Amino acid sequence: MNLSEDFWENKYQKNKIGWDLGIISPPLKTYFNQLTNKNLKILIPGGGNSYEAEYLFNNGFKNVFVVDLAKSALDNIKKRVSNFPEHQLIHADFFDLEGDFDLIVEQTFFCAINPELRQKYANKMNSLLNKKGKLVGLLFDAKLNEDHPPFGGKKEEYLSYFKSYFSIEIMEKCYNSYHNRQEMELFVKLMKLP
């Protein structure tokens with residue numbers, strides 16, 4: 001299965017990005033709207049065009065970082081938000097990233113990586129979060145593709161990856177998903193274990 005940098009770059013250059021909503025995901029917007037600490041250091045891995053990063057940045061969260069394998073996706077953010085700091089748009093493999101964050105936002109990245117990397121994903125999330133850091137976002141709760149992204153899954157499977165690293169504060173059916181994802185998403189809020 002080829003999920004290389006070239007694979008993702010090709011998707012953006014040919015505009016074959018059916019997962020891209022073209023707007024901020026409604027559940028994430030609702031979550032962001034209740035955040036009060038504008039100094040949070042936030043990471044959006046595999047962020048793509050990241051309307052979430054744009055929304056956060058335009059609402060006063062200036063420590064937002066996006067990492068993606070596809071340079072075109074990061075360029076798209078820069079075109080839309082010209083004052084977004086370039087050093088916060090990281091062209092790299094998430095698994096090679098170093099740093100520490102207060103909040104990591106999951107939005108279609110988990111379903112895009114090879115499912116064999118899911119345990120590694122949970123471990124890496126844990127290592128990138130500060131003490132009391134949170135992983136918040138959306139996971140597909142549906143059987144999707146087996147040979148190409150997006151890859152689906154179920155709550156029970158996800159719990160097996162995360163329970164060693166996180167306190168599961170919320171992992172439940174999302175009530176305010178985008179219309180074409182209704183009944184297909186779990187909203188998750190995971191707190192790093194001490």
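Is A122 buried or exposed? At 0% relative accessibility, A122 counts as buried, where buried means under 20% relative accessible area, exposed means over 50%, and partly exposed lies in between (1.4 Å probe, protein chains only).

Before I continue, two remarks on conventions. This is a predicted model, in which local features need pLDDT of at least 70, side-chain atom pairs count only at pLDDT 80 or more, and totals for chains, interfaces and linings use all residues. Residues are numbered from 1 along each chain as its sequence is written, and side-chain values use heavy atoms, with hydrogens and water left out.

Let us return to A122, which sits in helix α5, residues 118-128. Helices (H or I, at least four residues) and strands (E, at least two) are DSSP runs, numbered from the N terminus. Apart from neighbours within four places in sequence, A122 is in contact with Y161, F162, Y165 and F166, contact meaning heavy atoms within 4.5 Å. The C-alpha atoms of A122 and Y165 are 7.4 Å apart, although 43 residues separate the two along the chain. The buried residues of α5 include R118, Y121, M125 and L128. Among the elements that cover the buried residues of α5 are β1, β4, β5 and α6.

I turn now to the strands. Together, β4, α5 and β5 make a right-handed β-α-β unit; right-handed means that, with the strands pointing away from the viewer, the path from the first strand over the helix to the second runs clockwise. β4 pairs with strand β5 (residues 129-140) in the parallel sense over six bridges, and with strand β1 (residues 42-45), also in the parallel sense, over two bridges. Pairing requires that DSSP finds at least two bridges between the strands. Six of the seven residues of β4 are buried, so this strand is largely enclosed by the rest of the structure.

E106 is buried yet has no salt bridge, and the nearest side chain of opposite charge, R118, is 8.8 Å away. A salt bridge is a side-chain nitrogen of Lys or Arg within 4 Å of a carboxyl oxygen of Asp or Glu. For charge, Lys and Arg count as positive and Asp and Glu as negative, while His and the chain ends are not counted. The side chain of E106 does reach the backbone nitrogen of F110, at 2.8 Å.

Finally, the salt bridges, of which the structure holds seven. One of them joins E157 and R118, with the closest N and O atoms 2.8 Å apart. Because E157 lies in helix α6 and R118 in helix α5, the pair ties together parts that are 39 residues apart in sequence. R118 is buried, with a relative accessible area of 1%, whereas E157 is partly exposed at 26%.

Thank you; I welcome your questions.

Conventions. A polar contact is a pair of N or O atoms within 3.5 Å; within protein, one must be able to donate a hydrogen and the other to accept it, and residues adjacent in sequence count only if both atoms are side-chain atoms.
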